[in-house]
Every structure is written in C-alpha cells, then in structure tokens.
Amino acid sequence: MKRVITAVCFILTAVFLAVFGYFDLKSTCEDLIYSLQNVVAVSSSDNNEETVAAAEECARLWEESGEKLEMYLNHSEIDSVEIDFKSIRRYAEGEQDIMLTEVCFECINNLEHIIETETPSWGTVL
Amino acid sequence: MIFNSETAKHNIGDFMLISFLRAIILYVVVLVVMRILGKRQIGELQPAELVVTILLSEILVIPMQDTSLALIDTIIPVLLLVGFEIIISVICLKSVRFRSLLQGNSLIVIRNGILDQGQLKRLRFTTDDLLEALRKKDVFDISTVQYAIVETDGTLSVMLKAEYEPVKIKDMNITAEENAFPSVVISDGKIIQSDFKECGMSYPKLQKIIKKNKIEVKKVMLMTLDKNGKITLIKKDEDK
C-alpha cells in the first residue's frame, strides 16, 4: 500500500508540475507581452520620460520572471528574449524609438512563440 | 566588443558550478528512483521494467551533460515513469491476466528430451541460443532434459530426467549436519556487531576467541562464525 501511495504521489506531483508549470509560464509570458505592448504604446506618444519609465518597468518585470522562465524552458529558447529585454532600456534612454519598437515587437513575437510551443496540441505533442 | 578575461573566468566557474549542482540533484533523483524501483538485477528485469530502466538512464543523462536544458523537463517524466511502473507492478501482483498480458508466460521448449520447435519459433530462439543457454546450466545433451522452460525474463530453467539428476544426501539415506550461515563478526579490522545475535556471539566471547588466537582485532581481515560454532579467521597480510 505504501508503494501505491508513493506512486500516486509521484504521478500527482508530475501532473501538478506540468499543469501548474504550463499555466504559470503562460501567464508570465502574457504579463511580459502586456508590458512590452505598453512600452510600444508609450513610445509613440513622444514623451521620453514616460517611455523610459515604461522600459524600466518592463526590465524590472523581466528581472522578476526571467529566472522562472529559465526553470521551465530550455535556456537557448529564452536567450534572444533576454538579450532583447536588456536592450529595451538602453534604446528608451537613447531615444531610439524605431529600434525600441522593433526590439519590443521581436520580443513579443518570441514570447508568443514560446506560448504556442508550450500549449498542448496535436502539433506540439506529435 | 572588449573581451574581459575576468568575466570569462567567472562564466566558466558558474557553468561548472551549475553542472556540479545539477549532477548532485540528478544523482539524488536516480538514487531515490532506483531505491523505490527495487533490487532486481538487469538480467532479471521484466520487459516493462527493462523499458523503464533504459528510458530513465536516457532521460537523466542528457540534462546532466547539457546545462541549457530545463531540469523540470527531466523531473516530470521521471516521476511519471516511476509512478506508472510501481502501479503496473502492483496491478501485476493482483491480476494474473494483466501479468500474463504484460510480462508474457513461461514456455516449455524441451519436453522429455524432445525439442518443441513451434515454441522456439514463437520465441525467435535459434537452436544455438538454446544450446548456449543449456550449456550455461551445465547441460550438454538435450536428451538428458526432462523439461526446459524459457522464463518471462528470458532465462532458461532446466529440469533433468530423474536418472541424470545428481545424487543427493537424502537419496543415500545418510544424515548430514545442518548447514549454518556464517555471519561476519570482524571485517577489515572492525567488529561488526549487527550479526552478533544471528551467530550467538557476544563481546566477551569474541574477546576470548581473539585472545586464544593471539591476535589483535585490527589485524583481522575477516572473521566469520556460524551457529554450529565454526570459526573462520583470516589475518591481514602484514606486508601490505
């Protein structure tokens, strides 16, 4: 009986890690996407102080959740996202709006791609 | 871009530390998993157990070498495989039909000295395989075999014809002293107290034996004692 309980605990832990991990990853990516969209929206308003503040907020969010993403994903998958996030603040401070928008969209695309690849579907499973 | 050798050193150090920590985590996972899975040897594994063992070794070795892989992607399949393996083994214990479905059945390949060629074909066993397995059981002549059975783990069990069975003490109508298990009392100069009860040994009794043999405990390589009082004492090699 002890063995069965151990086995059930193992399976439940695995299921919990898989399900919780997926939803946590998804919500983290969505938060980051929202924050990046905010940077893009603010940068088009020509108010540099607001753009820098939004970029700083975005960088802070990345610092909080980047490590979590590294736990769930292969590190090579998030290398480019990490590099992009680090350059956002620099572009905002240098008032390089075109580059800033470009890097934000690239980052959004990468994060959306991560959500797509982690979502269970026939394509991702098979 | 300026190459900073200090940063590079730091990164290499970090990388090695990551490998070190990951190896420890995975080693602990393997130890726990193998302890839970049980004590069977590779040759005794049932097909399902063999599959799980191979899968586990493959799953665990890759993230140990590649630090870019997320550990959670390894831990989840390991937990699932071990969980399923235990549950399947419990179902196999309870249900004969399930056991037979999953592990197969033992098959008789030699009956009364005659080969069952149909069963050999079914098992995809060549006569060479069979003869080799028989030789490993010290049987060189098929005609001496009453039954040979291929077990579910692939091993061969052999029952010889009565006239070829070795003579046993009972057949000769003589009485023999009962065998007793020799317990280790001293190993490599250290007293092993855990088996004292098994062989009826006590500390004063051991001291007496040691004194009688004029030797110190630390100079004893191995000392065993069985219930019949038979002592085996091997001294340590002085030169080494």
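Let's start where the chains meet: 20 residues of chain B are in contact with 18 residues of chain A, contact being heavy atoms within 4.5 Å. Before going on, this is a predicted model, where local features need pLDDT of at least 70 and side-chain atom pairs count only at pLDDT 80 or more, while totals for chains, interfaces and linings use all residues. Residues are numbered from 1 along each chain as its sequence is written, chains are lettered from A and ligands numbered from 1 in the order written, and side-chain values use heavy atoms, with hydrogens and water left out.

Back to the interface. About 1,500 Å² is buried between chain B and chain A. Carbon and sulfur atoms give 75% of that area. Buried area here is the accessible area, with a 1.4 Å probe, that two parts lose on being put together, summed over both.

Polar contacts next. Two residue pairs across the interface qualify, both at pLDDT 80 or more. That term means a pair of N or O atoms within 3.5 Å; within protein, one must be able to donate a hydrogen and the other to accept it, and residues adjacent in sequence count only if both atoms are side-chain atoms.

Which elements of chain B give two or more residues to the side that touches chain A? Helix H1 (5-37) and helix H3 (72-94). Helices (H or I, at least four residues) and strands (E, at least two) are DSSP runs, numbered from the N terminus. H3(B) gives the most, with 12 residues.

Now the sheets of chain B. One is open, with four strands in the order E2-E1-E3-E4 and antiparallel pairing. Strands pair if DSSP finds at least two bridges between them. E2 (114-115) and E4 (156-160) of chain B are the edge strands. Inside, E1 (107-111) and E3 (145-150) of chain B pair over four bridges. Leu107(B) stands opposite Val150(B) in E3(B). Helix H6 (127-136) of chain B lies across E1, E2, E3 and E4 of chain B, at about 65 degrees to E4(B). Axes are lines fitted to C-alpha atoms, for helices over the stretch in contact, and angles run from 0 to 180 degrees between N-to-C directions.

Another open sheet of four strands in chain B runs E6-E5-E7-E8, with antiparallel pairing. E5 (183-187) and E6 of chain B pair over two bridges. Ile186(B) stands opposite Ile191(B) in E6(B).
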